Amino acid sequence: MTDRTCNGWTNHATWLVNLWLGEYDYDPSELIGLSRYDAVQELKHTVDNILENESSAVTGLAADLINSALADVNWYELADHYIEDLPEDEDATEEDSDNE
């Protein structure tokens with residue numbers, strides 16, 4: 001069996017999405033309070049918006065290849081990664097910043 005992991009992620013597609021979300025200064029605070037499923041949907045929506053803004057004219061083979069790669073993304077792994085990095089309680093974060 002071949003190891004298909006990439007830089008600690010499930011696969012290359014998942015790693016790339018994480019990498020590019022960082023390049024776009026993605027703000028994971030949008031995920032605060034969302035269920036895991038809803039966080040996944042929000043991430044997919046964010047990536048769809050990025051692709052629409054950058055490649056509105058992509059069709060045919062290129063579009064099929066992009067969609068194939070996106071089908072390989074482990075969206076739950078990405079959601080878990082971003083949710084783990086979020087403060088548990090947004091109010092606690094505000095209180096902490098008020099005390100500084």
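Predicted model: local features only at pLDDT ≥ 70, side-chain atom pairs only at ≥ 80, totals over all residues.

Q: How much of the chain is buried?
A: Buried residues make up 27% of the 100 residues. Buried means under 20% relative accessible area, exposed over 50%, and partly exposed in between, with a 1.4 Å probe and protein chains only.

Q: What about the largest nonpolar core, how many residues there?
A: The largest nonpolar core has 18 residues, and those with the most contacts inside it include Val17, Leu43, Val73 and Trp75. A core here is a set of buried Ala, Val, Leu, Ile, Met, Phe, Trp, Tyr and Cys residues joined through side-chain atoms within 4.5 Å.

Q: And which elements give two or more residues to this core?
A: Those are α1, α2 (36-54) and α4. The largest share, five residues, comes from α2.

Q: What does Val73 touch?
A: Leaving aside neighbours within four places in sequence, Val73 is in contact with Ala13, Thr14, Val17 and Leu78. Contact means heavy atoms within 4.5 Å.

Q: Now the packing. At what angle do the axes of α1 and α4 cross?
A: The axes of α1 (residues 12-23) and α4 (residues 75-84) cross at roughly 40° and come within 9 Å. That makes α1 oblique to α4. Axes are lines fitted to C-alpha atoms, for helices over the stretch in contact, and angles run from 0 to 180 degrees between N-to-C directions. Under 35 degrees counts as roughly parallel, over 145 as roughly antiparallel, 65 to 115 as roughly perpendicular, and the rest as oblique.

Q: Which residues make that contact?
A: From α1 there are Thr14, Val17, Asn18 and Leu21, and from α4 Trp75, Glu77, Leu78, His81 and Tyr82.

Q: OK, and α2 against α4, what angle there?
A: The α2 and α4 axes cross at roughly 105° and come within 9 Å, and the two helices are therefore roughly perpendicular to each other. Among the residues that meet are Arg36, Leu43 and Val47 in α2 and Tyr76, Ala79 and Ile83 in α4.

Q: Which residues of α4 are buried, and what covers them?
A: In α4, Trp75, Glu77, Leu78, Ala79 and Tyr82 are buried. What covers the buried residues of α4 includes α1, α2 and α3 (60-72).

Q: Switching to backbone: what's phi at Asn7?
A: Phi of Asn7 is near 50°, a positive value in a residue other than glycine. Asn7 lies in the segment before α1 and is exposed, with a relative accessible area of 57%.

Q: And where does Asp25 lie?
A: Asp25 lies in the loop between α1 and α2. Asp25 has a positive phi of about 50° too, although not a glycine.

Notes. Residues numbered from 1 in each chain as written. Heavy atoms only, no water. Helix = DSSP H or I, 4+ residues; strand = E, 2+ residues; numbered from the N terminus.
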